Amino acid sequence: MTSDMLTTISQVVTAVTGFVAALLLMYGLKRMSSPATAASGIRVAGAGMLAAVIASFLYFFSVGADAKPLVFFNLGLAGLAMAIGGSIAWWSGKTVKMTAMPQMVAIYNGMGGGAAASIAAVELFGNRADGRTQLIVTLFGALIGAISFSGSLIAWAKLQRVLKVPLQFAGQQILNGAVMVAILAVGASIVVAVAGGPQFLPLPGLICLFFGCALAFGILMTLPIGGADMPVVISIYNAATGVAVGLEGYVLQNPALMIAGMVVGAAGTLLTLLMAKAMNRSVFNVLFKHFGASKKHKRGAIAGSEKPVQASDAAIDMRYAKSVIIVPGYGLAVSQGQQKLYDFVKMLVAAKVSVKFAIHPVAGRMPGQMDVLLAEAGVPYDMIFQLADINDQFATTDVALVIGANDVVNPAARTDKSSPIYGMPILNADKAKKVYVVKRTPGGKGYSGVVNGLFYDPNCFMVYGDASAVLGKMIEAVKGLGAAAA
Amino acid sequence: MDSNLTINIFAGAYIFMLAAVAGWVIIGNVPAILHTPLMSGSNFVHGIVVVGGIYVLLNATNVLEQSVGFAAVLLGSGNVAGGYAVTVRMLEMFKSSDVKPHHARHGRAAHHAKA
């Protein structure tokens, strides 16, 4: 077999595999968007990905003449990079706690953006772009990928609580705007320089400056955004990485990358809009009008005090109630109390109490996180209700049990126009006949930094303690009741 | 690949447009319950960037290109492996109740009667 034939065959195989991979990735994504088929969806997508990655090693047979002498070494490098990057990410993905999922998604997404930016960097440094259009597309992909990379890292640091406060200062928007103008100017001068025009820096210097500014922009843009908005931000960067991958796919003339990247770009954009809608925040507000920026809001309007009760009293009260709606939040996830919660719920159900779970779209740190958590504990679908389906039922319910949730049940969102969360749809837990709130400490604020007036309501009682520990006590109390009766 | 397939900017624009419509439609009716797994799943899908990384690294001609290409493959494979591991973990939790949600909802009365 001649090397020409080998080249042709390998090219055909990679092209066909790319086609199949793009189809499988889209079909997998489609299956992932329905609960009944979701688990198989990721495997379909995984099969497509595996095929594409294996086939990509066939590029070995068609490298350019310049790269021929180095190709075996490069092949080794590729294997090494995959082994290191793949195994570390695989291990961390397998071992990370469910509560830390959102920041892991942020990290992996940042890596994708970084990879797209790196591809662009090789194309730019090697001056490989075939014409001005390709060069401009490369630059846009580089810009978006680099912003997604550094921005995702900041999002990770915030969710991981490495960075604790939103960093805000006067003139921030102006600085960000200036950096963006600088990026575009440097990008334009790269285009001019490549075309043989004047350059104020050598080309490699310009490219470094371009990436430096883009990375800085990602950091500056993400720093002032508060933690409560982080899920939306991660979703934006997810879509951005998709677009960057698609653009670099065009530069590499690889349709599989173009399709997979742009599908994620669009799907991620829609997902972002759905999330922002659930929080009643426009994407513009998330990015440019930051939560917590208005410090004027005072607690003055709130009357009454927090009324603590024992976990056992609350448990027995619920045991003899007719109906209970449970509102889980991040606190439940942190204390890993979902299993105990379901055990407690099973006891209530056995005592003929009607129990339902009410899930706020952004409960936890990421939309759907509570659904995942409850599914993990084995709670059946038919007990779990979304905001729109259950909100009217609170008024006719005996007890609302709020566990580690705060902002999503804050009535200020309905009534107090000066509150930063005003307008966000909330669960009407306050309308239940009685409310129990399981919470770690008295007087805390929600993730948005807003005081919750619900805790001071006459019909609201506080059970202080770690959610998992409190639920343990509740189970004991109901058990003890059964023993006493027998 | 360059030798047997050329996509000019207009063909590219069509591919992008169709892919974007496909992505929008695919996600169209997703229930909130799947938002997090789906974000993670789509995060996995753009991990295909690693294929581009491998192409670039294999074609690298000097140390600079090799180092940056190495970074591309390293980061890209992290995206793929981590995205897959996390998504599978999230979605496996939905396995135990393979019943369709609206189907299950009809059975609620029965569920309570049994209890």
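Q: What makes S1(A) and S2(A) a pair of strands?
A: In this predicted model, 4 bridges join S1(A) to S2 (residues 354-359) of chain A, and the two run parallel. Pairing needs at least two bridges found by DSSP, so these strands pair. Across this pairing, Ile326(A) is opposite Phe357(A) in S2(A).

Q: How do you know that S1(A) also pairs with S4(A)?
A: Between S1(A) and S4 (residues 399-403) of chain A there are 5 bridges, again in a parallel run. Ile326(A) faces Leu401(A) in S4(A). Strands here are DSSP runs of E with at least two residues, helices are runs of H or I with at least four, and both are numbered from the N terminus. By that count chain A has 17 helices and 6 strands.

Q: What are the rules behind these values?
A: Local features of the predicted model need pLDDT of at least 70 and side-chain atom pairs count only at pLDDT 80 or more, while totals for chains, interfaces and linings use all residues. Residues are numbered from 1 along each chain as its sequence is written, chains are lettered from A and ligands numbered from 1 in the order in which they are written, and side-chain values use heavy atoms, with hydrogens and water left out.

Q: What makes Glu65(B) and Arg128(A) a salt bridge?
A: Their side chains meet at 2.5 Å, N to O. A salt bridge needs a side-chain nitrogen of Lys or Arg within 4 Å of a carboxyl oxygen of Asp or Glu, so the pair qualifies. This pair crosses between chains, from helix H4 (residues 63-92) of chain B to the loop between H4 (101-125) and H5 (132-159) of chain A. Glu65(B) is buried at 5%, whereas Arg128(A) is partly exposed at 27%.

Q: Why does the contact of Lys433(A) with Asp398(A) count as a salt bridge?
A: The closest N and O atoms are 3.3 Å apart, which is inside the limit, so the pair counts. Lys433(A) and Asp398(A) lie 35 residues apart, each in a loop of chain A. Lys433(A) is exposed, at 53% relative accessibility.

Q: How do you know that Lys439(A) has no salt bridge?
A: The nearest side chain of opposite charge, Glu306(A), is 5.9 Å from Lys439(A), which is beyond the salt-bridge limit, so none is counted. Lys439(A) is buried and sits in strand S5 (residues 434-439) of chain A. Its side chain does reach the backbone oxygen of Thr441(A) at 2.9 Å.

Definitions and conventions. Buried < 20%, exposed > 50% of the residue type's maximum accessible area, 1.4 Å probe, protein only. Lys, Arg positive; Asp, Glu negative; His and termini not counted. Polar contact = N/O pair within 3.5 Å; in protein donor to acceptor, adjacent residues only side chain to side chain.
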